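These are notes for a colleague who has the sequence and the coordinates open. Please read each point against the structure shown here.

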Amino acid sequence: MDDELLELQRQFEFAQQAKSSIRLSERNVVELVQKLQELRVIDFDLLHTVTGKEHITQEQLRNEIAAEIEKLGRVSVIDLADMIGVDLYHVEKQAQDVVSNDPGLMLVQGEIISQTYWDSIAEEINERLQECSQIAVAEIAAQLQVGSELVQAVLEPRLGTLVKARLEGGQLYTPAYVARVTAMVRGSARGVFVPSNLSALWTPLQQLVQEMNGSSGIAVETSFFQSIFNRLLKEEEMLGSLRAGTHWTPSAFAIAQKECVDSFFSQNSFITYETMQKLGISQAVQFLQSRYPEGTPLAAVFIHPSMIEMLDAAIEDAVERNSWIDSLAVLPASFTSQDAYKMLLLCPSFQSALKADKALILGETFVLSSGFVKGIYDQIEKEAEAFSAQAPAASLIYHSSKSSEPTETTLVTEKGSKKKKGKSAGAKSVTIETVVDEEEDARPKSRRNQKKGKDASLSQMPVSKMGGKKESATVQEANHGIPSDVWIMQKITNLVPEFEEQGIDNLESILKHLADHMRPMLVNSLKERRKKLFTENADRMKRLLDDLQKKLDESYLNMQLYEKALELFEDDQSTSVVLHRHLLRTTAASIADTLLHDLDIHHKLKNGVEVEDSKDRDLLSLNSSERTALAKNFTGPLSKKALSLVEVLEGKRVDTFMTAFRDMAEESGLVLKKLDKKLERTLLHSYRKDLISQVSTESDPVVLLAKVVSLLYIQVYNKALQAPGRAIAAAISRLKDKLDESAYKTLTDYQTATVTLLALMSASTGGEEDNCTGDRILSKREFLESQMPQLKSLVLGNSHPSS
C-alpha cells in the first residue's frame, strides 16, 4: 500500500513539473469564462476583483465578509472592500444582506458591528465604572466615534448584567454612587418644611456632589435628583404633595396651613382670599368650598351663613323703621362693594322688600326704604319748583355776540357756615349756569364758581368729583333751570343730617346715588321751563346769518374770478392740476371753513345750545377731520351736502367744488352772487391796484417773482391767476409770445436764479453749510436783488407787454 502511494506521488509530481505545450492568455481565459456563462455552463453570478484578474462568487463574498466581522467584531465597509479586493458597491450590497440575515449584527454609519463587540465594550465600561463611579454616555460615544443614542440603546439591555450601573440623564452611575446620592436627596427633602421649588433644592446638591467627586467629577443632571425624589415619594419615605413636577409641599406645612385657616374662619365667620394667598393657597375658592361646603364664595372673601343672617337682620330693621343702611358699614372692613351686593342678593328680607317695593338698592351697598326716599323726594320737589320759578328772575343772562365768559346764577340757602363771603353772610352757594337746550351735548363746558374752603359742607365739593360723562348731561340740565346734582345733594344733606355722620367718602357716595335716582323725576316735572329758552337766540342767529352772507358775497366772487384764470391752462394737464389743487387748498378751503363753522354755530343756537363768540373767526383754518366732524353735526340733506363739500375739497377740480359749495349754500338758505362782466372788471381793477402796491413795496426777491407774474397775467390776459411756486415756470412760459424778447429774458433769468437760490437754501438746511455753499447763496441773492428794479419795471415802469 505504501509503495502504491509513493508511486502516485511521483506521478503527480511529474505531471506538475511537465510543461504544457498549449498555453492560454489571460484574455483567452476571460473570454472562455464569458463563453461558459453564455452557454449557461456557469449558471451563477461571478464578480470581478478590483485587479480584474480574479473572479469571486457572491456567496464567497458574503462568507469572506462574515469571516472578517467575526474576526474583528467591528469593521468598516470601506475597509472590507480594500481587504477583499472587490468593488465597494458589491461589498455594501452583500454587507447589508449579511446584516439583515444575522440579528447579532448592525450596520451603523457605514460600519458593521456585532453584539460580541458591544459585549466587550460593556465589560470595559463596567471596569471603568468601578474606578470612577460615573461615566458620561457622551464621553463613551466620543471615544467609540458613534452617536450617544446608539451607545445608550446598546447599554440599556446590558444594565444590571454586563454593566453594573444605572443610566440616568445621559450618565452611568454605580449602585453605590446612586445609594449615596439617594441619601443626600432624602436628607435634603426631609429638611424642607415650607412649600419649595425642587429646582432650587437641586442646585446646592449639584455643587455638593461636584465637590465630593473632585475636579474629575462630572456634573449631575437635575433629572437624576428628580427621579430619585419621585421614587422616594412613591415609596412614602417622604410625606407631602408634588404639584407640576417641581412644587413640593411637605405634609407638615399642609397640616399647619389647614389649622390656621380653620382657626381664622371659626373666629371670624369669614376669610379673605388675600389671607389665603399669604398662607400659600393659590386656589382659595376650591380649597374653601371643599373644606366648608356650607360657606359662600364672594368677590374677595369666603363667608359663613351666619354673616348673611347678621346682615339680613340689620336690613329688616332698617326697612321696618323707614330708614336706610349702608351694608359696607355693617360688614368688616375687608369686604368690598361687590361682596356686599352679592350678600344683599342672598338676604331673604331684602329680596321680599324689593318685590313689595318697600326698598331699593343704590350703589350696590346702600339699602333705603321706599318711605324714606319718598319723604326726601317730596321735600326736594317743592324746593325744586321754587328753584325753577326763581331761575328766570335770577338774572338768566345769555351770551351776547361779543361776550366770551359764561353767565352764572348764585342761589343762597339758609343753612351754611357762619363765614362771610362778600355780602352773603352765613350762606352756602351753589352755581347754576343757564343755556338754551339740553339736547345738544357737543358744547363748550361752562365755568363753575364753586370755591373750596375749610367747611366740609356739600356746596364746597368740586363738581368734577361727581362723575365723568354723566356730569356733562347733569350740568346741562341744571343750566335749563333744573337743579344740578350738587344742589340736590345739598338739599338731601339738609334734610338728612345723619348722612354727615358716615364720613365724607360714604357721604359723597350715597348722596350721589340718591341724586341720580331723583334727578329723572325732577327733570320730568321741570322740563316745560326749557321751552322758553329756544327763542332767546333768535337775534344772534339773524346777525350771524347776515355776517355770513356778507363774507360769502366777497369770497365767492373772488373764487369765481380766480377760477376764470384756470381756463388758460386747460391744454397743460399737469400744470392745470397743480393750479386747481392750489386754489382748492387756499381760497376754496377758507370759504368752505367759514361756511361750515358759521352754519355749525347757527345750528347750535337754533337748538338752544350756548356758544361763545370766537375772536379769531377771520383766521379760521380747519383740517379735514374737523370739517368732517362739523358736517356730521348737521342733519338731513344739509349733512350730506356738507360731507360732499368736504370730499371735493380733497379733489382735483375747482368747478366740482363750486357746484358742491353752491348746493350747500342754497340748502342753507344763502344766496350767492354770480360774477358778471361789470363785477369782474371792478374786482380785476381792485386786484390789479393791490398787486401794483405790493410789487412796488416788496423787498424779498423770492416773493417778488410770484407777484410780478400775477400782475403780468392781469395786464396780458386780464385774468387773476393764483399760482403756487411749482407752477410759476409754466406760467412764465405762457408769457413768451406776449412779451418782447428782452423782457421775457429778464423774467426767465430771474426765475432760474430764484429756483437755484431756493435749491441751495434747501440743501443747506440739513446741517451746517460749508463756506462754499454759503458764498453761493449770498452771491445768488445779491444777483436777484440787483435784478429786482429791472423786474419791477416790467409791470410798473415804461416797459409794457406787447399785444
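1. Asn718 sits in the loop between helix 29 and helix 30 (728-733), where helices (H or I, at least four residues) and strands (E, at least two) are DSSP runs numbered from the N terminus. Its phi is positive, about 60 degrees, although Asn718 is not a glycine. Most residues other than glycine have a negative phi. With a relative accessible area of 44%, Asn718 is partly exposed, on a scale where buried means under 20% relative accessible area, exposed over 50% and partly exposed in between (1.4 Å probe, protein chains only).

2. On the basis of these notes: this is a predicted model, in which local features need pLDDT of at least 70 and side-chain atom pairs count only at pLDDT 80 or more, whereas totals for chains, interfaces and linings use all residues. Residues are numbered from 1 along each chain as its sequence is written, and side-chain values use heavy atoms, with hydrogens and water left out.

3. For the chain overall, there are 32 helices and 21 strands, and buried residues make up 42% of the 803 residues. Among contacts (heavy atoms within 4.5 Å) between residues at least 6 apart in sequence, 65% join residues at least 24 apart.

4. Helix 29 (residues 701-717) also takes part in a packing with helix 28 (residues 677-697), in which the two axes come within 10 Å and cross at roughly 145 degrees; axes are lines fitted to C-alpha atoms, for helices over the stretch in contact, and angles run from 0 to 180 degrees between N-to-C directions. Helix 28 passes helix 29 in a left-handed crossing, the term used if the near helix is turned anticlockwise from the far one by less than a right angle, with right-handed used if clockwise.

5. Which residues of helix 28 and helix 29 meet? From helix 28 come Tyr687, Arg688, Leu691, Ile692, Gln694 and Val695, and they meet Leu704, Lys707, Val708, Ser710, Leu711, Ile714 and Gln715 of helix 29. The residues of this contact of helix 28 with helix 29 divide into eight nonpolar, three polar and two charged, where Ala, Val, Leu, Ile, Met, Phe, Trp, Tyr, Cys and Pro count as nonpolar, Asp, Glu, Lys and Arg as charged, and the others, Gly among them, as polar.

6. Lys792 is found in helix 32 (residues 771-796) and is buried, with a relative accessible area of 16%.

7. Helix 15 (residues 305-320) has 16 residues and reaches 23 Å from its first C-alpha to its last, close to the 22 Å expected at 1.5 Å a residue, the expected span being 1.5 Å times one less than the number of residues. Its buried residues are Met307, Ile308, Leu311, Asp312, Ile315, Ala318 and Val319. They cover an arc of only 130 degrees around the axis, which puts them on the same side of helix 15; the arc is that of the directions from the helix axis to the C-beta atoms. Glu309 and Glu320, on the other side of helix 15, are exposed, and the helix is followed by Asn322, whose phi is positive, near 55 degrees.

8. In helix 14 (residues 284-291), the residues Ala284, Phe287 and Leu288 are buried. They cover an arc of only 90 degrees around the axis, which puts them on the same side of helix 14.

9. Ser269, in the loop between helix 12 (251-268) and strand 12 (270-272), is a residue other than glycine with a positive phi, near 65 degrees. At 18% relative accessibility, Ser269 counts as buried.

10. Finally, Ala384 is found in helix 19 (residues 370-393) and is buried, with a relative accessible area of 1%. Ala384 and Lys491 are 107 residues apart in sequence, yet 9.7 Å apart in space, C-alpha to C-alpha.
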